[in-house]
Amino acid sequence: MPFNIVLVDDHKLVRDGVKTILERGSEFHVIGEAENGDDAVKAYTAQRPELVLLDLIMPGKNGLAVLAEIKALDPAAKVVMVTAVEQDILSEQLIGKGAIGVLHKPFLYAELEAILKQQ
């Protein structure tokens with residue numbers, strides 16, 4: 001049975017690319033998408049996915065604020081942060097705030113699989 005995923009990124013091209021990569025295999029199924037923080041929280045609430053791939057930097061409400069809201073709704077929520085910023089201190093902070101992993105753009109399918117296998 002595939003992991004149901006909600007993708008959150010303010011760039012449609014990025015969402016489309018990630019969705020294409022994820023749905024090549026049978027392990028992941030994208031059940032929702034959002035382009036901003038408010039829609040991300042709504043999508044999580046409506047869909048209750050098994051995983052959220054959440055962009056860190058978005059206009060308006062950023063990924064860190066969305067992570068906090070989702071974890072407040074469901075402390076067991078699995079959220080993987082996606083960012084172009086590669087800083088160990090940032091990754092540590094995101095994990096400390098409840099993310100199960102951090103992927104750096106551009107990421108490989110195998111990197112996401114590795115994070116999920118650790119769960």
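Trainee: Which residues of H2 are buried?

Mentor: Some ground rules come before the answer. This is a predicted model, where local features need pLDDT of at least 70, side-chain atom pairs count only at pLDDT 80 or more, and totals for chains, interfaces and linings use all residues. Residues are numbered from 1 along each chain as its sequence is written, and side-chain values use heavy atoms, with hydrogens and water left out. Helices (H or I, at least four residues) and strands (E, at least two) are DSSP runs, numbered from the N terminus. Buried means under 20% relative accessible area, exposed over 50%, and partly exposed in between (1.4 Å probe, protein chains only). In H2, the buried residues are Gly37, Ala40, Val41, Ala43 and Tyr44. They span an arc of only 160° around the axis (taken from the directions from the helix axis to the C-beta atoms), so they lie on the same side of H2.

Trainee: Which exposed residues does the face of H2 turned away from its buried side carry?

Mentor: Lys42 and Ala46.

Trainee: What covers the buried residues of H2?

Mentor: The cover includes strands E1 (3-8), E2 (28-34) and E3 (51-55), along with H3.

Trainee: At what angle do H2 and H3 pack?

Mentor: Axes are lines fitted to C-alpha atoms, for helices over the stretch in contact, and angles run from 0 to 180 degrees between N-to-C directions. Helix H2 (residues 37-47) and helix H3 (residues 63-73) pack at about 20°, with axes 10 Å apart. Angles under 35 degrees count as roughly parallel, over 145 as roughly antiparallel, 65 to 115 as roughly perpendicular, and the rest as oblique. H2 and H3 are therefore roughly parallel to each other.

Trainee: Which residues make the contact?

Mentor: Contact means heavy atoms within 4.5 Å. H2 supplies Gly37, Ala40, Val41, Tyr44 and Thr45; H3 supplies Val66, Glu69, Ile70 and Leu73.

Trainee: Where is Ala77 found?

Mentor: Ala77 sits in the loop between H3 and strand E4 (79-83). Its relative accessibility is 3%, so Ala77 counts as buried. Leaving aside neighbours within four places in sequence, Ala77 is in contact with Tyr44, Ile70 and Lys71.
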